[in-house]
Amino acid sequence: MSRKQIQFGAPRRSKKAVVSDTPLELTVDRLSHEGRGIASHNGKTTFIAGVLPGERVQVRLTQVHKRYDEAELLQVTHPSLDRREPACAHFNQCGGCDLQHLDIDAQRLHKQQQVLDQLKRYAGVDIQPEQLFPTLTAAPLGYRRAARIGLNQRQRDGELLVGFRRRGSNKLLNIDQCPILEPRLQPVFDVVRQHLSDATDVRQLTHIDLSHGDQSGFICFRATRSPSAELMQRLQAIADALQLQLIVALNDAMIPADPTPCHYSLPEFELELAFGSSDFIQVNADLNRLMVRQAVDWMDPGPEERVLDLFCGLGNFTLPLAQKAAQVVGIEGSSDMVTQAQRNAASAGLDNAQFYRANLSESFVHAPWYRSGFDLILLDPPRTGAREAVQQLAGYGARKVLYISCNPSALVADLPLLLQAGYRVARFGIMDIFPQTSHVESMLLLERTP
């Protein structure tokens, strides 16, 4: 997607210029948007992983750049009252979580303030107390129902590596347990090692995609070539042990070609949505239910109103909205997900929900569904944002626009177009979908100024 990029915090690391072995003692001022501590040394900003605001720390410089430095933590000499013992033994090495050392309530306050600061600084939006809604929260551990796990076999000794990327590296870290994963998925590391450690052709497997619905799920092995009969037996044994449906993905093909869909529910709306092994689902089931409920409440469509749901996926928001609105039209870029969304609507008996495929990074003003007119618009774009879509919708005249953001920088890039078109911010709140990480999602409701 082509659009102007806005960067916050530290730029991408450049080649190492200077490394100092002399320890420095610094005071941490605040956290960056990606969860690193920010301190000042000789008038330059210094980024330090694993520290918290207010802490006095000993560090060693590892990277010196023109405008900022980077340092590694040696010792916390005066810890913050918000410091906690990380729940995971791999915390300091694994790149998956970056805030386990921070109290969960403090994590959420930090995330909220990060988005509020960026909205004010880069979009000129100062959220007022009456516009700010409580953070949506659920369990801080054991919440992740979808994940990608890396596989590799070390050249020097043949050891099988099963885990996640190391912090700041593309190399795999062997993982024994991950307290972020749902309990049903926790045994995956041991089970994979048990069945593949002595396999001779494991290098053709690149990674594992896990996804779990309410009752069943998938384990998908990505492979560079078709597995042998023996390897397939091993993979099936892994799937059986985890009580998951086995999928092997080969480029654009899958074995089996037509797997049985799994399901997740939205109990408050008495809805059940089917999904396939490659379909996107929200990784946090409890937060997803809270998020959908809040979105429907904020949009509050009337029985005569039409709703447009862009980047609709499987119908996660579309179908609950269709229970209240006259008609809801969902637009998605994946043909497979459009087909599944149509099936989900039919299964729910909702004939007022229609789905179409469209590339929302291109012009859609001539599409029949666009010219129909809508009272309410929901956008739930990927991390790159919805710049092109917003440009086409800014003057559309919808009564409300609900923007669900998984990237604050994209939100602040897209928002000014809607403000200039006569919308005002009516409600704002964040959603802690990824506890223990610096990742933050937010919901912002815009209403047209009378």
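**Notebook: helix packing, aromatic pairs and selected residues**

I began with the contact of helix 1 and helix 9, where V115, Q118, L119, Y122 and A123 in helix 1 meet P408, S409, L411, V412, L415, P416 and L419 in helix 9. Contact here means heavy atoms within 4.5 Å. By class, the residues of this contact are 10 nonpolar, two polar and no charged. I counted Ala, Val, Leu, Ile, Met, Phe, Trp, Tyr, Cys and Pro as nonpolar, Asp, Glu, Lys and Arg as charged, and the others, Gly among them, as polar.

I note that this is a predicted model, in which local features need pLDDT of at least 70, side-chain atom pairs count only at pLDDT 80 or more, and totals for chains, interfaces and linings use all residues. Residues are numbered from 1 along each chain as its sequence is written, and side-chain values use heavy atoms, with hydrogens and water left out.

**Entry 1: geometry of the helix pair**

Two packed helices are described by the angle between their axes and the distance between the axes. I looked up both for helix 1 (residues 104–123) and helix 9 (residues 408–420): the angle is about 45° and the axes are 9 Å apart. Helix 1 is therefore oblique to helix 9. The classes are roughly parallel under 35 degrees, roughly antiparallel over 145, roughly perpendicular from 65 to 115, and oblique for the rest. Axes are lines fitted to C-alpha atoms, for helices over the stretch in contact, and angles run from 0 to 180 degrees between N-to-C directions. Helices (H or I, at least four residues) and strands (E, at least two) are DSSP runs, numbered from the N terminus.

I recorded the crossing of helix 1 and helix 9 as right-handed. A crossing has that hand if the near helix is turned clockwise from the far one by less than a right angle, and is left-handed if anticlockwise.

**Entry 2: aromatic pairs**

I found 10 aromatic pairs in the structure. Rings of Phe, Tyr and Trp (its six-membered ring) pair if their centres lie within 6.5 Å; planes under 30 degrees apart count as stacked, over 60 as edge-to-face and the rest as tilted.

F47 and Y68 have ring centres 5.7 Å apart and planes at 80°, so this pair is edge-to-face. Because F47 lies in strand 4 (residues 44–48) and Y68 in strand 6 (residues 68–78), the pair ties together parts that are 21 residues apart in sequence. F47 is buried at 6% relative accessibility, and Y68 is buried at 8%. I used under 20% relative accessible area for buried, over 50% for exposed and the range in between for partly exposed (1.4 Å probe, protein chains only).

F218 and F275 are also edge-to-face, since their ring centres lie 5.9 Å apart and their planes stand at 80°. With F218 in strand 11 (residues 217–223) and F275 in strand 15 (residues 271–275), the pair ties together parts that are 57 residues apart in sequence. Both F218 and F275 are buried.

I also noted one aromatic cluster, formed by F364, W369, Y370, F374 and Y396.

**Entry 3: single residues**

What does P261 touch? Not counting residues up to four places away in sequence, I listed F218, A274, F275 and Q340. P261 lies in the loop between strand 13 (253–255) and strand 14 (262–266) and is partly exposed at 34%.

P256 is placed in the loop between strand 13 and strand 14, and a cis peptide bond with omega of about 0° joins I255 and P256.

V365 lies in the loop between strand 18 (353–357) and helix 7 (368–371). I found V365 partly exposed, at 27% relative accessible area. With residues up to four places away in sequence left out, V365 touches Y370, R371 and Q392.

T46 lies in strand 4 and is buried at 0% relative accessibility. Its contacts, again not counting residues up to four places away in sequence, are L26, G37, I38, A39, H41, L61, D69 and A71.

**Entry 4: positive phi**

Most residues other than glycine have a negative phi, and most peptide bonds are trans. I noted Q243, not a glycine, with a positive phi of about 60°. Q243 sits in the loop between helix 3 (229–242) and strand 12 (245–250) and is exposed at 69%. E270, not a glycine, has a positive phi of about 55°. E270 is in the loop between strand 14 and strand 15 and is exposed at 76%.
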